[in-house]
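Thanks for coming, everyone. Let's look at the structure together, starting with its pocket.

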Amino acid sequence: MTASLAEVRAAPKVDRYEVVATLVAAFRDDRAARALYPTDLEYVRFFPGFLMAFGGPAFANGTVDQDAEGRAAALWFSPGVRPDGEAVMNHLEVSVPASRLAPLARGYESRANARPEEPHWYLTWMGVVPEAQGMGIGGALLREGLARAAAEGMPVYLEATTRRAAAFYARHGFATRATICLPRYPEIITMWRPAH
């Protein structure tokens with residue numbers, strides 16, 4: 001199978017534990033993820049729960065995509081769906097030391113406030129395991145979700161955690177809206193793709 005023809009599975013055919021494992025592998029070296037959980041032990045122990053707290057509505061609403069071999073996954077929120085802020089903060093309070101919690105909470109709040117009010121699809125998480133990056137799998141997965149949004153005439157919003165990721169999304173029609181830069185919080189690039 002070539003990367004451009006990667007088969008994409010959509011929920012409910014995905015296994016949530018496999019999807020979370022894929023995203024944990026994909027974000028292992030991501031500076032935003034590691035700002036939450038800087039040690040390997042913290043990351044392995046707590047990041048899966050953070051993914052579920054933040055991205056859980058995608059599983060509940062059946063808006064999860066995964067390539068057929070489990071090398072990449074994407075969690076999408078349909079228009080009007082938002083993360084469960086209470087679940088996210090509850091998870092952070094039990095998994096992040098108080099000394100790091102305040103700046104992370106401010107960053108999370110800034111991200112929530114930056115999200116547009118206009119109806120849109122929201123790509124909350126998308127990642128490709130390191131050994132499969134650069135093969136076109138992420139692009140195939142992204143196109144699947146973009147086609148769904150386009151079929152509804154909806155724009156798409158996301159938050160890139162690296163400039164490399166922002167450049168990838170720019171190649172798929174996204175433009176930078178804002179950059180969130182806060183003390184002791186990783187740079188986040190918010191991006192928007194108009195309705196097609």
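**The pocket and a helix pair**

By class, the largest pocket's lining has 27 nonpolar, nine polar and seven charged residues. Ala, Val, Leu, Ile, Met, Phe, Trp, Tyr, Cys and Pro count as nonpolar, Asp, Glu, Lys and Arg as charged, and the others, Gly among them, as polar. This is a predicted model: local features need pLDDT of at least 70, side-chain atom pairs count only at pLDDT 80 or more, and totals for chains, interfaces and linings use all residues. Residues are numbered from 1 along each chain as its sequence is written, and side-chain values use heavy atoms, leaving out hydrogens and water.

Which residues lie nearest the centre of the largest pocket? Phe27, Met126, Gly127, Thr162 and Ala165 do, out of 43 lining residues. A pocket here is an open set of points on a 1 Å grid over the protein atoms alone, where a 1.4 Å probe fits, with protein on both sides within 12 Å along at least five of seven lines; lining residues have an atom within 4 Å of a point. Strand β4, residues 121–128, gives the largest share of that lining, six residues. Strands are DSSP runs of E, at least two residues; helices are H or I, at least four; both are numbered from the N terminus.

Now the helices. Gly85, Val88, Met89, Leu92 and Glu93 in α4 meet Leu101, Ala105 and Tyr108 in α5. Meeting means contact, heavy atoms within 4.5 Å. By class, this contact of α4 with α5 has six nonpolar, one polar and one charged residues.
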